[in-house]
Amino acid sequence: REVNARLTERATSSSSPRSTEALPQFSEARDAMPVDRSPLLPAGDDSAPRIKLVDNMKAALICCVVLYHTAVVYTSADRPESPIPGFSGLMMVLKPVVMPGFCVISGFLSRADLDRRRAMKQWQLATVYVVFQALYFLNNLATYRLAGFPFDALPVQIFYSEVPVVTWFLFALAAWRTLLPVLVLLRAPLRLSLVVAHLALYVDLRMNYQNLLSFLPYFLGGFYLPPSLWALLARPAPRLALGGAFVAATAASILWSWLSPNADGGFAAAFRRVSVTYNCFNGVAPSDEPAACAAADALPKRALFYLASAPLLAGFAAVLPQRHGVWTVPGLMSMYIYLLHPLLITNGLVMKVSFDALSRAYGREVNVWSPADRPSAFAVLAPASLAICALLALPCVRAVCWPLVEPPTHLLFRPPPERDGTSPGYSI
């Protein structure tokens, strides 16, 4: 109770950006963390030094996002009914790591006070959400029409999409950060978020909106994450133990999928349970089990998913480099890669060329309904995904696409009051 009271007091104080800094050991650990002020890296908020491991974790996670989405589009690696030996084992490990990891990092980098600058950032985030929802809709329209399928041009699907979209994260992040000043005033916000996230299984939040509540515990967990954890993960002993456990778990999953991909009660059954649980996080029930997300066993499965994420995320961070390098660049451009890569991998022309090449290699027609299903697909998709990340992380991409990813929405706001206390004029 004393700790919660101190956290709440610190969160509501105008002198501190983060509630966790109220604890002396947290601030001391923050000063001891490995940071970098390299001129190659953006300064960030208030020119604060960056945490190397956080930047590297963002880079690794965004590369995993691109690999995951590419595999979903072009292979059966994410389909429990036809898993790919080896590749599907990796996919099963990525589910409780990738997007939960992004939510944890976003929470850690968030602040509990909503000042003018952060309020303007929230508006920018909401604007980006609308812009890319429209872009994805136009991309789907062009892709369907190119393939000869009907697709209604109107109404434009902004807030209710018929397919899962990556922009759910923008919508959720804007909502979480806007509500954060209120959430930190609760008696036990993290525990309450876990209760709400489990009960959300039985609420009709639907696709792309179930995420608001299901991933909220990760965001709040990141917000309350002790900064000393990053320093702890830099020590050899914890890195060896956590990293070794993560590598062992990943290797075991890959080996299991290779030895018994379709055996009854084997990997395929476990992969299906994990996939259904993760899809329920996104509000997407399997077509053959439309009530799976509201079933009685969905509740313990979601709880186990949360429990499994914590050690896997710690192990994932432990195997990453502790210093900046060329591998860090995708982490600094993660928002560009995250938003732009769907326009590339689901582009109608790219899909046609890619599926034609896969069809020639497989000796049969490969398409969305009958995708690549051999382990050799990983040998092609892994370097292709890394190439996409490298391409979208180029400075020229930011120079061209910044009006979409970082629109100048600050121009819509009135300037701050003058020093003499007068308020500038405005027009309706």
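Colleague: Which helix does S309 lie in?
Modeller: Ground rules, since this is a predicted model: local features need pLDDT of at least 70, side-chain atom pairs count only at pLDDT 80 or more, and totals for chains, interfaces and linings use all residues. Residues are numbered from 1 along each chain as its sequence is written, and side-chain values use heavy atoms, with hydrogens and water left out. Helices here are DSSP runs (H or I, at least four residues; strands are E, at least two), numbered from the N terminus. On that basis S309 lies in α14 (residues 298-318).

Colleague: Is S309 buried or exposed?
Modeller: Buried means under 20% relative accessible area, exposed over 50%, and partly exposed in between (1.4 Å probe, protein chains only). S309 has a relative accessibility of 1%, so S309 counts as buried.

Colleague: Which residues does S309 touch?
Modeller: Contact means heavy atoms within 4.5 Å. Leaving out residues up to four places away in sequence, S309 touches P96, P100 and Y218.

Colleague: Zooming out, what share of the residues in the protein chain is buried?
Modeller: The chain has 19 helices and 2 strands. Of its contacts between residues at least 6 apart in sequence, 76% join residues at least 24 apart. Among the 428 residues, the buried share is 47%.

Colleague: What is the handedness of the crossing of α6 and α16?
Modeller: The axes of α6 (residues 116-147) and α16 (residues 334-345) come within 10 Å and cross at roughly 10°; axes are lines fitted to C-alpha atoms, for helices over the stretch in contact, with angles from 0 to 180 degrees between N-to-C directions. The two helices are therefore roughly parallel (under 35 degrees; over 145 is roughly antiparallel, 65 to 115 roughly perpendicular and the rest oblique). A crossing is left-handed if the near helix is turned anticlockwise from the far one by less than a right angle, and right-handed if clockwise. For α6 and α16 the crossing is left-handed.

Colleague: Which residues make the contact of α8 and α10?
Modeller: α8 (residues 189-199) and α10 (residues 216-223) pack at about 170° with their axes 8 Å apart. The pair is therefore roughly antiparallel. The contact is made by P189, L190, S193, L194 and A197 of α8 and L216, P217, L220 and G221 of α10.

Colleague: And P416, how far apart are its C-alpha atom and that of R116?
Modeller: P416 is found in the segment after α19 (395-405). Its relative accessible area is 44%, so P416 is partly exposed. P416 and R116 are 300 residues apart along the chain, yet their C-alpha atoms are separated by 8.6 Å.
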